[in-house]
Amino acid sequence: MAAFLECGPFSASDGEGRVLFEGVSLSLTDGQFVSVEGPSGGGKSTLLRHVTALAHSPDAARKLNGECFSGAELPEWRSRVSLVAQDAPMIAGTVRENLEFPFCQRTGRERRFDDVRAAGMMTQVGLEQLPFDREVRTLSGGERHRLALIRGLLWDPRVIVADEPLAGLDPDIASVCLDLLLQFGRRPRRLLLCVLHDPAMSARADRRLRLANGHLKAAV
Amino acid sequence: MSNFIELGPLQLALATVLIFAAGLVSMALQLGVERRLGIAALRTVIQLGLLGLVLEQIFALRNPVLVVGLLLLMTVFAAREAVTRASRHYRGILVDAWLTMAATCLVVGGMVTQVVVGVEPWYEPQYVIPLLGMILGNSLTGISLCLDRFMDHLVVRSAEIELRIAFGATRREALAAPLRDAVRTGMIPIVNSMAAAGIVSLPGMMTGQILAGSPPLQAVAYQIVVMFMIAAAVALGAMMVVVLAGRHFMGVDATLRLDRLTSAKN
């Protein structure tokens with residue numbers, strides 16, 4: 001089967017110059033939930049930042065569905081291979097601004113933000129009581145995590161790259177969120193690449209990768 | 001223009017008493033600033049003294065090459081000073097600051113001296129040097145505030161900037177917020193002093209002209225020109241310097257390169 005997402009090689013070291021990984025490449029098929037596991041501090045988050053082109057990786061090539069992206073095309077790449085970051089960052093403003101902003105940027109200008117779908121998804125993850133005009137700085141950590149996740153899903157890129165998107169959520173809510181992510185990733189021409197803390201959650205992945213000692217291998 | 005009281009060495013010596021008074025306050029309250037105050041006072045005397053001597057020569061010679069040379073030298077010092085005041089640096093910051101200073105001087109200074117005031121000949125040092133000096137002095141403050149705020153914004157709000165980038169923001173979109181924030185910060189001092197001019201404070205230049213015997217309305221007219229000139233210079237300079245700085249921290253690939261920040265050496 002032809003690869004849907006191909007990127008690499010990526011190399012990175014931490015602040016002290018210790019090598020996190022070297023020459024790591026990814027080649028993934030569509031319609032899958034792929035998990036990345038490995039010891040903490042092993043560079044999983046850094047690897048996701050390289051895949052989503054947030055980290056500077058001049059030697060890496062990136063290919064999605066046969067189309068190559070580099071240089072000035074990287075914003076377009078990120079709009080298709082989007083990161084749901086670990087600490088659920090928010091832009092200063094309201095819930096609505098946070099969900100909607102990708103649609104106001106150049107790469108999303110032809111697409112429409114769907115209010116009804118947003119409200120529906122918020123209900124699914126237990127945020128139905130949250131008004132759209134609420135300032136995000138007043139949200140709790142758990143609310144922010146769910147909002148960040150919904151933002152990724154509403155944006156509906158080709159690939160969602162998520163860094164521990166379920167961290168700190170109640171088990172019930174976490175399972176609903178994982179279902180939503182799976183629904184997203186298991187469609188044709190979509191892909192979910194996810195770092196998960198909980199082995200039980202990773203066990204549901206279609207393909208499990210493990211980053212340890214600087215190498216990315218199939219997890220046993 | 002000659003009905004003013006000349007100041008000689010005796011008068012200057014008497015003024016020194018004031019600095020000693022300030023130093024005594026510092027010592028009495030153990031503020032510890034007396035040393036810095038003393039050095040600053042000494043620098044003021046030496047720097048202004050040298051400037052006076054140079055200006056006397058340049059005014060006497062009225063040579064365009066000398067005037068332009070002095071102006072260039074002033075832009076270099078202004079750029080250096082602006083960079084020294086910023087708490088973070090990057091490679092090439094001095095070049096960016098200098099380019100900005102030179103460009104604002106050329107555009108705004110050129111407009112004011114050649115079009116508004118209509119100086120004859122074009123390099124007449126009596127007008128060109130003080131006017132451009134004022135542009136430099138004020139854009140120096142504006143540019144250093146602006147640069148400082150810009151880099152600070154990049155660091156403190158990097159998560160927010162990267163969030164936009166993660167969803168496909170272009171360089172222009174990703175840097176729009178830090179740019180706005182920085183230019184606004186850089187313009188605060190001049191906007192404030194324009195708003196307070198004449199009510200809270202008598203601007204320094206106007207005061208000087210009045211002391212030197214100019215009719216107050218003439219001094220006011222010059223002051224208005226100068227304030228508008230400074231506002232334009234600061235706005236243009238602030239915008240230009242952050243656009244230049246932005247290029248160091250983000251290429252067309254819109255990757256945020258905070259690794260290019262260095263902390264100030266002193």
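**Sheet, helix and chain interface in the predicted model**

In chain A, helix H1 (residues 44-51) lies across strands E1 (5-13) and E2, running at about 130 degrees to E1(A); helices (H or I, at least four residues) and strands (E, at least two) are DSSP runs numbered from the N terminus, and two residues are in contact if their C-beta atoms, placed from the backbone, lie within 7 Å. Axes are lines fitted to C-alpha atoms, for helices over the stretch in contact, with angles running from 0 to 180 degrees between N-to-C directions. The model is predicted, local features needing pLDDT of at least 70 and side-chain atom pairs pLDDT 80 or more, whereas totals for chains, interfaces and linings use all residues. Residues are numbered from 1 along each chain as its sequence is written, and chains are lettered from A and ligands numbered from 1 in the order in which they are written.

In chain A, four strands form an open antiparallel sheet in the order E2-E1-E4-E5, where two strands pair if DSSP finds at least two bridges between them. Strands E2 (19-28) and E5 (67-69) of chain A stand at the edges with a single partner strand each, so one side of each is left without a neighbour in the sheet. The twist averages 25 degrees from one strand to the next. Strand E4 (residues 61-64) of chain A pairs with E5(A) in the antiparallel sense over three bridges, and Arg62(A) has Phe69(A) in E5(A) as its bridge partner.

Between the chains, 24 residues of chain A are in contact with 17 residues of chain B. The largest share of the side of chain A that touches chain B, five residues, comes from H2(A).
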